[in-house]
Amino acid sequence: MSSEEIVLESLPDDELVKQMHDDLYDGLADEIVRGTEILLARGWSAEKTLSEALVEGMRIVGIDFRDGILFVPEVLLAANAMKAGMEVLRPLLSESSADRMGKVVIGTVKGDIHDIGKNLVAMMLEGAGFEVIDLGINNPVEDYLAALEEHKPEILGMSALLTTTMPYMKVVVDTMVERGIRDDYIVLVGGAPLNEEFGKAVGADAYCRDAAVAVETAKDLIRRKHNRPPAD
Ligand code: B1M
């Protein structure tokens, strides 16, 4: 059955989620928006919808991209469909809590145009009460430094999705050291190919596995910086 003939509303949750994986794979943004709205209307939380329908769908896309079954144009369509779904979730994920936690400057490093994960981290940080200045993709060290100077955040976040671009994080941290400003900021790094060890090697304060960990780590390190006890 083609996707046009499927009435998403008529599918039970598990089949709807499977259909959304297929629709994401096929880059069908309207269907992803509709599926996301249906799950929310059925009482799914934004977090569950995000992780089970969207992020899982993109994981499947990633496997076939790696295996040469999908190519850049198809993956771009899938990414756009994912972003359309994320826009539906945005108001829910970034519903700001009352507490202002601090400021974060975040961006994807030079040479790297992946931004879905970084956007998610930004949304969830906003939801946790952080003010987020998003520098977008492909940021050279000068852009990070200019943003630190201009916005005076507590936290600098960097994202990289490629093994070829992740070493650039060290360029940024080393430049901060050279300028004598490294310790003025909490530096958090993330992205699929990174790990704990890499985070340490580039001189970051922490590696964040996913957006939820990024939020918890940001809150924790801000509290420590201000010597505040954990809130909950
Ligand atoms: Co690209 N790509 N891609 N791609 N792409 C990967 C990363 C790849 C693993 C695919 C594969 O082979 N399986 C592979 C990298 C291999 C490697 O380096 N070892 C790859 C490649 C090779 C490429 C190109 C080189 C392909 C080519 O041109 N031949 C090219 C490079 C372009 C460039 O950047 N210069 C390229 C292009 C693209 C598209 C443009 C088509 C598209 C990006 C669209 C966009 O982002 N707007 C794309 C996509 C979509 C992917 C995959 C399929 C999905 C990435 C994604 O959005 N995941 C990806 C495969 C994969 O990762 N499995 C792949 C969903 C997202 C929610 O997860 O980004 O991991 P993620 O973010 C998570 C965590 O990592 C963490 O939290 C997020 C949310 O939980 N996190 C942070 C991320 N950033 C953080 C920052 C923080 C904290 C946590 O700061 C504090």
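In what follows, Ala, Val, Leu, Ile, Met, Phe, Trp, Tyr, Cys and Pro count as nonpolar, Asp, Glu, Lys and Arg as charged, and the others, Gly among them, as polar. This is a predicted model, where local features need pLDDT of at least 70 and side-chain atom pairs count only at pLDDT 80 or more, while totals for chains, interfaces and linings use all residues. Residues are numbered from 1 along each chain as its sequence is written, and side-chain values use heavy atoms, with hydrogens and water left out.

I start with the ligand.

Next, polar contacts, meaning pairs of N or O atoms within 3.5 Å. A polar backbone atom of Ile113 is 2.7 Å from a ligand oxygen. For Thr163, a backbone N or O atom lies 2.9 Å from an oxygen atom of the ligand. Gly62 has a backbone N or O atom 3.2 Å from a ligand nitrogen.

Now the space itself. The ligand takes up the largest pocket, with more than half of its atoms within 2 Å of the grid points. A pocket here is an open set of points on a 1 Å grid over the protein atoms alone, where a 1.4 Å probe fits, with protein on both sides within 12 Å along at least five of seven lines; lining residues have an atom within 4 Å of a point. Its volume is about 1500 Å³, the space filled by probe spheres set on the points. The lining has 28 nonpolar, nine polar and seven charged residues.

Key
Polar contact = N/O pair within 3.5 Å; in protein donor to acceptor, adjacent residues only side chain to side chain.
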